[in-house]
Amino acid sequence: MALRKIRIFGDPVLEKTAKPVKSITPRIKLLAKDLFDTMYHDNGVGLAAPQVGILKRMFVVDVDRENSFVFINPEILETSGEQTGEEGCLSLPGKCGIVTRPNHVKVRATDLTGAEFEMEAEGLLARAILHENDHLDGVLYTSHVEGPVYDVGEYAEEAEEEEEAEKAEEDGSSDGGDETK
């Protein structure tokens with residue numbers, strides 16, 4: 001297992017545009033393995049080469065630990081729909097924010113055998129593909145955040161309290177009683 005050092009927010013390499021991979025060499029295959037090792041070690045669902053300081057158009061994704069994908073020289077062909085949710089990044093450890101992205105993506109890329117493929121994805125997988133693809137153009141998710149970037153878990157307690165209050169309100173109003181008595 002070879003772990004690479006993840007570049008952290010503020011590192012200028014994260015703002016640069018990655019260059020196309022010209023051929024699938026042993027070094028590119030090793031980079032893919034290292035990206036997966038590093039991503040899994042840090043509990044991520046995706047990792048792009050620029051995040052480890054390599055300005056190559058390449059990223060890896062595995063949102064369920066069962067289906068891993070390598071995308072080399074990816075091209076987003078189409079997107080549709082919308083999903084809004086919490087998003088984080090291994091280059092901003094411990095932080096997250098609310099981001100709206102397309103719910104569906106169609107992407108063309110090259111795999112580690114040099115074969116070109118097209119893939120369609122929805123939900124979390126679509127979000128991860130689009131997030132990692134942004135890294136190849138020097139774009140961080142923070143440029144898409146609606147509202148503040150906050151500490152992971154910071155609003156979890158508030159959200160639970162709101163859910164409990166809504167449930168109590170529903171329970172109270174469903175009995176037909178008048179609470180103003």
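**Close-up views of a predicted model**

View 1. At 6% relative accessibility, Arg101 counts as buried. Here, buried means under 20% relative accessible area, exposed means over 50%, and partly exposed covers what lies in between (1.4 Å probe, protein chains only). The model is predicted, with local features needing pLDDT of at least 70 and side-chain atom pairs counted only at pLDDT 80 or more, while totals for chains, interfaces and linings use all residues. Residues are numbered from 1 along each chain as its sequence is written, and side-chain values use heavy atoms, with hydrogens and water left out. Glu87 is buried as well, at 4%. The side chains of Arg101 and Glu87 meet in a salt bridge, 2.9 Å from N to O. Arg101 lies in strand β5 (residues 95–101) and Glu87 in strand β4 (residues 83–88), so this pair ties together parts that are 14 residues apart in sequence. A salt bridge is counted when a side-chain nitrogen of Lys or Arg is within 4 Å of a carboxyl oxygen of Asp or Glu. Helices (H or I, at least four residues) and strands (E, at least two) are DSSP runs, numbered from the N terminus.

**View 2. Asp151 reaches Lys95 in a salt bridge.** The closest N and O atoms of Asp151 and Lys95 are 2.5 Å apart. Asp151 lies in strand β8 (residues 150–151) and Lys95 in strand β5, so the two tie together parts 56 residues apart in sequence. Asp151 is partly exposed at 39%, and Lys95 is partly exposed at 33%.

**View 3. Arg4 meets Asp34 of helix α1.** Their side chains form a salt bridge of 2.9 Å, N to O. This pair links distant parts of the chain, 30 residues apart: Arg4 sits in the segment before α1 (26–41), and Asp34 is in helix α1 itself. Which of the two is buried? Asp34 is, with a relative accessible area of 3%, whereas Arg4 is partly exposed at 27%. Across the structure there are 12 salt bridges. Glu75, Lys106, Arg108, Glu116 and Glu118 are linked in a network of them.

**View 4. Five strands form an open, antiparallel sheet.** Their order is β1-β2-β3-β6-β7. At the edges are β1 and β7 (116–122), each pairing on one side only. From one strand to the next, the twist averages 35 degrees. Two strands pair if DSSP finds at least two bridges between them. Strand β6 (residues 104–110) runs antiparallel to β7, joined by seven bridges, and Lys106 has Glu120 in β7 as its bridge partner. Helix α1 packs on the sheet, touching β1, β2 and β3, and its direction makes about 40 degrees with that of β2. Contact means heavy atoms within 4.5 Å; axes are lines fitted to C-alpha atoms, for helices over the stretch in contact, and angles run from 0 to 180 degrees between N-to-C directions.

**View 5. Strand β2 (residues 58–61) is covered on both faces.** Met58 and Val60 on one side and Phe59 and Val61 on the other are all buried. Strand β1 (residues 46–48) pairs with β2 in the antiparallel sense over three bridges, and Ala48 stands opposite Phe59. Strand β3 (residues 69–80) also pairs antiparallel with β2, over four bridges; there, Val60 stands opposite Val70.

**View 6. Cys89 and Cys96 are both buried.** Cys89 has 9% relative accessibility, and Cys96 has 3%. How many disulfides are there? With a disulfide defined as a pair of cysteine sulfur atoms within 2.5 Å, the count comes to zero.
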